[in-house]
Amino acid sequence: MKKVLITGGAGFIGSHLADELLAHGHTVRALDNLTPRVHHEGGRPSYLDPQVELIVGDVRDGALVETALEGVDVVFHFAAAVGAGESVFEVDRCMSANNVGTAVLMDRLVRSSVERLILGSSMCVYGEGLYRDSSGTPTEILRRRPEQLRRGEWEPTSNGEPLSPIATPESKTPSLEGSVYAASKYDQERMCLRFGRAFGIPTTALRFFNVFGTRQSLSNPYTGDLARFASRLLAGRRPLLAEDGEQLRDFIDVREVATACRLAMSADTRHAVINVGSGRATSLSEVARRMAGVAGSSNLAPEVTGKYQIGDVRHCFADVGRAKQALGHQAQGHLDAGLLELLDWVAQQTHTTVKKTFPMLVQLELGLAS
Ligand SMILES: NC(=O)c1ccc[n+]([C@@H]2O[C@H](COP(=O)([O-])OP(=O)(O)OC[C@H]3O[C@@H](n4cnc5c(N)ncnc54)[C@H](O)[C@@H]3O)[C@@H](O)[C@H]2O)c1
């Protein structure tokens with residue numbers, strides 16, 4: 001049984017991981033500054049298991065990090081300013097929390113007895129997912145051109161030829177120009193993996209895809225589409241789809257991510273990057289229809305808007321071969337059950353924190369730029 005520190009452990013993925021670890025007999029400590037944007041209610045979140053020892057504070061506070069590392073065997077580093085959109089306007093906040101935070105943690109890890117480090121990284125380091133051309137050759141594209149989007153040509157092409165999306169493996173070249181956040185997550189990976197190698201601490205960077213589930217802050221951009229769909233359906237309105245709604249994503253239930261994280265603690269991997277996704281490509285239109293179905297509102301068919309945002313990724317879903325082989329992890333994917341729980345969660349948020357949450361829901365609904 002291990003003593004585990006989760007930075008960002010009061011957040012969405014961290015708190016679910018805490019449940020998973022406690023259920024398997026481990027001891028859990030969380031270091032979290034309870035960022036107000038995520039923790040609207042303030043104070044210790046009610047969903048955080050009472051057995052979790054919570055240290056409230058910032059991962060950039062070296063002395064506090066040193067205290068938090070006392071007696072710890074394994075560190076999950078999840079504390080981060082999460083969000084590509086926000087990072088454009090808040091470069092300092094994003095880079096400081098994500099990069100300086102990681103640097104401070106590295107400094108203090110050197111003096112600790114930690115035997116394993118696991119980073120919560122992100123699919124966003126890929127930018128666009130991988131494609132293949134008509135001859136079957138894997139093809140990487142940077143991003144779709146604005147003039148192409150203006151014409152409503154949504155699918156990426158290569159020299160005018162159509163491309164087909166395929167599962168994205170860890171070997172795909174990172175494409176970081178999409179956001180400051182993506183650059184910060186890639187930087188975190190490089191720092192952690194280099195540090196792990198230098199100091200002989202086995203280190204794994206898990207690239208999470210679109211994680212969804214209860215406890216996810218409505219301001220969490222990874223749940224943007226799902227939260228938007230849910231808030232529209234709860235208001236008796238049709239979900240709105242950008243472009244033609246056929247963008248492919250990889251939605252994975254947060255509990256399956258927690259399992260992958262736990263498996264990474266004992267996996268025989270050294271300094272590896274591993275995708276954590278369901279391995280299934282689901283279009284936004286399909287997920288909107290399925291959510292309407294589980295909500296009992298199948299009459300609220302999604303509405304295609306044809307609107308788009310420059311820089312949006314068209315398709316990205318995970319090649320999960322390495323996760324299967326290295327972690328023995330395979331997501332089971334109960335999408336409908338998860339969507340129902342998410343709807344319930346969004347409804348609760350709306351009712352219990354209506355004043356604080358309402359402006360956010362409005363933003364979510366208006367979030368589609370033309
Ligand atoms: N949710 C997803 O789909 C997804 C996908 C890819 C990667 N990730 C990564 O997974 C990790 C967890 O994300 P999440 O979705 O649970 O987000 P979250 O916002 O719910 O959790 C992050 C937690 O970190 C805390 N935090 C932020 N800055 C901190 C700081 N400076 N010091 C201490 N604590 C701080 C916040 O208070 C919050 O509780 C992040 O590193 C994120 O980049 C998430």
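Let's start with Asp336, which is partly exposed at 32% relative accessibility. Keep in mind that this is a predicted model.

Who does Asp336 meet in a salt bridge? Its side chain pairs with that of Arg290, at 2.8 Å from N to O. Arg290 sits in helix H9 (residues 284-294) and Asp336 in helix H11 (residues 335-352), so this pair ties together parts that are 46 residues apart in sequence. Arg290 is partly exposed too, with a relative accessible area of 29%.

Now hop over to Arg262, which makes a salt bridge with Glu20; here the closest N and O atoms are 2.5 Å apart. Since Arg262 belongs to helix H8 (residues 254-266) and Glu20 to helix H1 (residues 12-23), the bridge ties together parts that are 242 residues apart in sequence. Is Glu20 buried or exposed? Glu20 is buried: its relative accessible area is 15%, and the cut-off for that label is under 20%.

A further pair brings together Glu189 and Arg190, whose side chains meet in a salt bridge at 3.4 Å, N to O. Glu189 is buried, with 0% relative accessibility, while Arg190 is partly exposed, with a relative accessible area of 29%.

Why do such pairs turn up? Side chains of opposite charge can pair when their charged atoms come close.

Salt bridges can also join up into a group. Glu128, Arg144, Glu155, Glu243, Asp244 and Arg314 are linked in a network of them. And how many salt bridges does a search of the whole structure find? The count comes to 24.

Note on methods: Residues numbered from 1 in each chain as written. Predicted model: local features only at pLDDT ≥ 70, side-chain atom pairs only at ≥ 80, totals over all residues. Heavy atoms only, no water. Salt bridge = Lys/Arg side-chain N within 4 Å of Asp/Glu carboxyl O. Helix = DSSP H or I, 4+ residues; strand = E, 2+ residues; numbered from the N terminus. Buried < 20%, exposed > 50% of the residue type's maximum accessible area, 1.4 Å probe, protein only.
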